[in-house]
Amino acid sequence: MNQEDADVGQRIKDLRTQRGWTLRELAKNSGLSANAISLIERDENSPTVSSLSRLAQAFNVPISTFFQKDHDKTCVYVQKGQGIRIQNQDAELESLGFGMQTQQIEPFRMTIDPQTEVFGDSISHPGQEFVYCLSGRAEYSVEGETYQLDPGDSLLFDAASPHCWRNQRSEPATILLIFQAYRDRHLAQQLHLEV
């Protein structure tokens, strides 16, 4: 477990305790088990992208909240390879910018492992989603229609439409993802990337 994962677990616990929620209450609100949340908070299990998305929805915060210590920056500089990363069984997600006070977009680099033969569960969330293929080939399904994304291809869609992805090739596919930070009375609610 790396230090970033440990910080994520602590931030999840901090958000839960700030709201006065028990593990069971967070489990009910997120659809995850209390045991799974406890393991993440205690740094005994790395959270998946799907788990982070469900927790973000439960807390009504953008997923980037789990990676940042403050929200008062007016400029964010992330050096190559220095974004906070989360790895699950099929993909790695790297945050490319977070922490601005009035952040309206959330940029990520996602690398989809080779030979992900089937689409993951379809997800939907508020806002819009932009996908740009950097390398390899990714397949995106949006409302049941499949799009082949080769390097240089892009896709923009209403993120409320059910969507998912896969990579059937023998090499990784790397894509740039930009999510619109869905605004309400607070900064944003942005759900994304369940695998």
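Does Phe59 count as buried or exposed?

A: Phe59 counts as buried, because its relative accessibility is 2% (buried is under 20% relative accessible area, exposed over 50%, partly exposed in between, with a 1.4 Å probe and protein chains only). Before we go on, please note that this is a predicted model, in which local features need pLDDT of at least 70 and side-chain atom pairs count only at pLDDT 80 or more, while totals for chains, interfaces and linings use all residues. Residues are numbered from 1 along each chain as its sequence is written, and side-chain values use heavy atoms, with hydrogens and water left out.

Now to the partner of Phe59. Phe59 and Trp21 make a stacked aromatic pair, with 5.5 Å from centre to centre and 10° between the planes. Rings of Phe, Tyr and Trp (its six-membered ring) pair if their centres lie within 6.5 Å; planes under 30 degrees apart are stacked, over 60 edge-to-face, and the rest tilted. Phe59 belongs to helix H4 (residues 49-59) and Trp21 to the loop between helix H1 (3-18) and helix H2 (23-30), so their pairing ties together parts that are 38 residues apart in sequence. Helices (H or I, at least four residues) and strands (E, at least two) are DSSP runs, numbered from the N terminus.

Trp21 has another neighbour: Arg19 lies over the face of this ring, 5.9 Å from the ring centre. For such a contact, NZ of Lys or CZ of Arg must be within 6 Å of the ring centre and within 35 degrees of the ring normal.

Stepping back, a search of the whole structure gives four aromatic pairs. Tyr140, Phe157 and Trp165 make up one aromatic cluster.

From the N terminus on, the order is α-α-α-α-β-β-β-β-β-β-β-β-β. Six of the strands build an open sheet, ordered E1-E2-E3-E9-E4-E7 with antiparallel pairing; two strands pair if DSSP finds at least two bridges between them. At the edges are strand E1 (85-87) and strand E7 (154-158), each pairing on one side only. E1 is joined to strand E2 (residues 91-95) by three bridges in the antiparallel sense, and Arg85 has Glu94 in E2 as its bridge partner.
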